[in-house]
Amino acid sequence: MKQSVTVVKDDNVKFGATAKAVAAKLLPKMPKWNVQTFLRKVLIPLASILLFIGLWHVGAKSLFNIEADYKIEKALTDQGQAAADEMAACIASGDVSCQPNTLPSPAQVWTSFNTLIADHKTISADKAEFKAKTAALNEKREAEGKAPITYTGRPSFVDQIFTSLKTVFAGFLLALVIAVPVGIIIGLSSTLRNSFNWLIQIFKPVSPVVWLLLVFMIVKTMTKDSDSDSAFIISFISVGLCAMWATLVNTAMGVSTVDKDYINVAKVLKLGAIQKVFKVILPSSLPLIFTGLRITLSVAWMVLIAIELLAQSPGLGSFVWEEFQNGANDSNSKIIVAMFVIGIIGFLLDRIMLTIQNMVSFNKNATA
């Protein structure tokens, strides 16, 4: 009787162990969250954000007080005690006409962000209304072979974000089209690498301002009698020429460092030159090429803002410059909003390229 009970118990234990093993294989492995993991991945990042906002608030308040004291002191010196008291009362009341124009607080930036979003909704409604009003007239004009009437109102902040994204992707594609083929050709020959290395090393550190001026000289002449958008052309070509060098260098390096065993296999299989490039060299070079493309996209987004600012072409750079020149009470807040948007978009673009890079990389843990 004792033996039978023991057998049943052993069978239950074996069955339980087997079930746990099967469940461990079938169910996805969930991360083990403990206090240390929660602290490291949630609480500390959250605390750093709150610390940043707190320091920002304290700094903005200190600068506000310094500027306010200066305005009151200046009113006292120039116009007397009554004017100084009036200035102090005006600042305390929150009247926009006399507020110190300095670093905005987080609350002011958030208010400006909501204002920009509301402004975008208003402009979008105006565009929709304009399109509805001119729909019949534009159909008639198109039937007569005339250009349709387009909305000429000012773009919203969101519109300028999309304009900048369009420009940066056009510049990125230009950099890709130029840098990857040239990098492959240079990488295949040590003679060509040595011959063109001087050109790469000279032009790689050239400032976006210089590229912009050079492109402006050429495009202005080429599009003199054209109806094309010369500002967009100048911007995306300047972005592409500034940002392409990382891809060019990484592509050449990737091609030149392909494992010799792969080249020997291509010779054994008697692959032609083009087949060898597309079936052996290019796949082996993809990780380094995508590293270069990732850097190129980051550089393109960074120099785009400066180029738009200098070229006065539509986009976030132009928005920042216009707000700086505007000098309104909320202009500083809007500039800070644009700064955060530029940084967040740059971060997202980098994450997208990193994801693609990891998909083609042989070592999935090599990039971060």
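Reply: What follows goes through the patch and then the rings.

This is a predicted model, in which local features need pLDDT of at least 70 and side-chain atom pairs count only at pLDDT 80 or more, while totals for chains, interfaces and linings use all residues. Residues are numbered from 1 along each chain as its sequence is written, and side-chain values use heavy atoms, with hydrogens and water left out.

The nonpolar patch consists of Ile49, Phe52, Ile53, Met339, Phe340, Ile344, Phe347 and Leu348, which together have about 770 Å² of accessible area (Shrake-Rupley method, 1.4 Å probe, only the protein chains shown counting as cover). A patch of this kind joins nonpolar side chains (Val, Leu, Ile, Met, Phe, Trp, Tyr) within 5 Å, from residues with over 30% relative accessible area and no salt bridge (Lys or Arg side-chain nitrogen within 4 Å of an Asp or Glu carboxyl oxygen). At least two of the patch residues come from each of α2 (35–79) and α13 (331–360); helices here are DSSP runs of H or I, at least four residues, numbered from the N terminus. The most is given by α13, with 5 residues. Leu348 lies in α13 and is partly exposed at 47% relative accessibility (buried is under 20%, exposed over 50%, partly exposed in between, with a 1.4 Å probe and protein chains only).

Phe52 and Phe340 also form one aromatic cluster with Trp56. The structure holds 9 aromatic pairs. In one of them, the ring centres of Phe203 and Trp211 are 5.9 Å apart and the planes stand at 40 degrees, so the pair is tilted (Phe, Tyr and Trp rings, the six-membered one for Trp, pair with centres within 6.5 Å; planes under 30 degrees apart are stacked, over 60 edge-to-face, the rest tilted). Phe203 is partly exposed at 33%, whereas Trp211 is buried at 8%.

Technical notes:
Patch = residues over 30% accessible without salt bridge, like charges linked within 9 Å, V, L, I, M, F, W, Y side chains within 5 Å.
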